[in-house]
Structure formats: structure tokens, C-alpha cells
Amino acid sequence: MSKRTLQFVLLFIFLPSYASENTQEFSDAHGAYTVAVKKLVDGRKVIANGGKITLTEVTEDKDGKKSTHKTTVYIGNDGSEVQDIELAETEPSGSLGWQSNILVDPARFPLSANFISETELTWTFEIPMQVKANIEGNVNEVDGESVNREIQEALTAELTISKRDPRILSQKIYAKSSFSPESLVRISKFLIRIEYGQAWQDGPWVTTSLSKTLEGKYALFVNVKEFSVTSYENYQLMKQDL
């Protein structure tokens, strides 16, 4: 694949929200949303002062090839997430470089979200789209501003929250139709699914599963078909040196 092939970066860009917690089943979607975000705030306090978490990442690609590696994640001095990853002996095949947060940052959720649908057990909201292309190294060949504008217009992000004991459950980012973020690239399918949970009881909220699907063409003749699913397991709080 050409180096102009896009690398998509998950950036969970949100603003803070606060409310009191309630474990009753909610009939109001926006009330449940506010309570769910408040839980993110409370859970993050465990690692707010330098706490580090270890975990295991297991990734499987479209060919069934797996890689496993250990990761340490924590909040840096600037408030952003830092990941120290031990390189795996084998890496899943694929030409795209994907980067995504593991910790769920409550300061990146909007103050309010657009309610769009419900089931018997869940509420679904549309939230700001959180994917952008990383074109570092290709700045002389690709107009990054134009590429990301096309991505913003093409993709939709939806967040699902439980009605009872409100908490975030999952997020889906997808394209409703094919689109061309760059002149030689045509994307026919784009789908990211993220599952959330607590690292441990009363702990921070984290990603538990992340699947990524991308299909399209490059320069009309080269087919692009990427798929992987990553599970995040065995979350543990590291003991700090005295």
C-alpha cells in the first residue's frame, strides 16, 4: 500500500458533565446520560494522581492471526493518556495504523447529547464524531484539513447507555454511505464498535473491546479490506513505590 493510505486515529474529544448518581431505572434519557458521565468522573479519581494500570491486549485480524502484549496506561502530566506497550512477537496483518484510547475520559464528553432512539433497556445518543486521519509524513502529498473535513461529514458516532443503573455501554462510529476523504481513496465501509466497562469495582471506566472494519479502494485498482478486534483484559492497578 502507498504511504498515502490513511491512518485513522480515535480521539475521544468531549467536554465535561456532572450530576448526582441514581441507581433507579430512568425514564428520562438526558438524566440517564448525565448520571452515566458522572460515574466516569468518580471512577477516574482512582488514577488521577499518578496511578498506573496494567492490562493485556489481544488482537485478532481478518485472517485469524492473533497478537498479545502487555500495556501500562496512565494519565500524563498534561492530562492526556499515556500508553507504554510491550511489543508483541507477532503483529496482526494490515496496512493501516490504528491508535485509540483505552481509558474513558469524562472531560471529553459533551455537556448534553442528542437523543435519537431507545430500546426496552437502553438509550442511544448521537455525539460528536471522534475520528480523524493522521497524515504525519504525508503533509506534502495530502491536504490534512480537507481530508478531516470529509471524514467529519461522512461519519456518525452513537453512544449507548443503559436505562437501569445508567452507565455507558458502547459506542458505534460508522459511515452511512461511501465517501472519498482523498482523491485516490474511496471508502465503501467504515465501522468501529467500542464496548466499555469498569476496570474493577469502583475503578476507572475503560475500553473492554474494540472492533474496526474498513473497506474501499485506493487508486481505483487496489482493494483495501481491513478488520481487527481487540479485547482488553486483566486490568490491575499497579502498586506504587513508597
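Leu155, leaving aside neighbours within four places in sequence, is in contact with Met129, Val131, Ile173, Tyr174, Ala175, Phe179 and Phe190. In this predicted model, Leu155 is also one of the residues with the most contacts inside the largest nonpolar core, a set of 48 residues in which Ile168 and Phe190 are named alongside it.

Ile168 belongs to strand 9, which covers residues 168-175. With a relative accessibility of 2%, Ile168 counts as buried, because the cut-off for that class is under 20%. Not counting residues up to four places away in sequence, Ile168 touches Ala36, Leu40, Val104, Leu159, Thr160, Ile161, Tyr196 and Trp205. For one of these contacts, Tyr196, the separation from Ile168 is 28 residues in sequence, while the C-alpha atoms of the two residues are 6.7 Å apart in space.

The aromatic rings can be considered next. A search of the whole structure finds 3 aromatic pairs, and two of them are set out below.

| Aromatic pair | Centre to centre | Angle between planes | Arrangement |
|---|---|---|---|
| Tyr33 and Phe125 | 5.2 Å | 50° | tilted |
| Phe115 and Trp123 | 5.4 Å | 75° | edge-to-face |

Tyr33 lies in helix 1 (residues 29-44) and Phe125 in strand 6 (residues 122-127), so that their pairing ties together parts of the chain that are 92 residues apart in sequence. Tyr33 and Phe125 are both buried. In the pair of Phe115 and Trp123, the two residues fall into separate accessibility classes: Phe115, at 30% relative accessibility, counts as partly exposed, whereas Trp123, at 4%, counts as buried. Tyr33, Phe115, Trp123 and Phe125 together form one aromatic cluster.

What makes up the nonpolar surface patch of about 370 Å²? Leu220, Phe221 and Val222 make this patch. Within it, Phe221 is found in the loop between strand 12 (205-218) and strand 13 (222-237). Phe221 has a relative accessible area of 73% and is therefore classed as exposed, the cut-off being over 50%.

Notes
Residues are numbered from 1 along each chain as its sequence is written. This is a predicted model: local features need pLDDT of at least 70, side-chain atom pairs count only at pLDDT 80 or more; totals for chains, interfaces and linings use all residues. Side-chain values use heavy atoms; hydrogens and water are left out. Helices (H or I, at least four residues) and strands (E, at least two) are DSSP runs, numbered from the N terminus. Buried means under 20% relative accessible area, exposed over 50%, partly exposed in between (1.4 Å probe, protein chains only). Contact means heavy atoms within 4.5 Å. Patches are made of residues with over 30% relative accessible area and no salt bridge: like charges are joined within 9 Å, nonpolar side chains (Val, Leu, Ile, Met, Phe, Trp, Tyr) within 5 Å. Accessible areas come from the Shrake-Rupley method with a 1.4 Å probe; for residues, only the protein chains shown count as cover. A salt bridge is a side-chain nitrogen of Lys or Arg within 4 Å of a carboxyl oxygen of Asp or Glu. A nonpolar core is a set of buried Ala, Val, Leu, Ile, Met, Phe, Trp, Tyr and Cys residues joined through side-chain atoms within 4.5 Å. Rings of Phe, Tyr and Trp (its six-membered ring) pair if their centres lie within 6.5 Å; planes under 30 degrees apart count as stacked, over 60 as edge-to-face and the rest as tilted.
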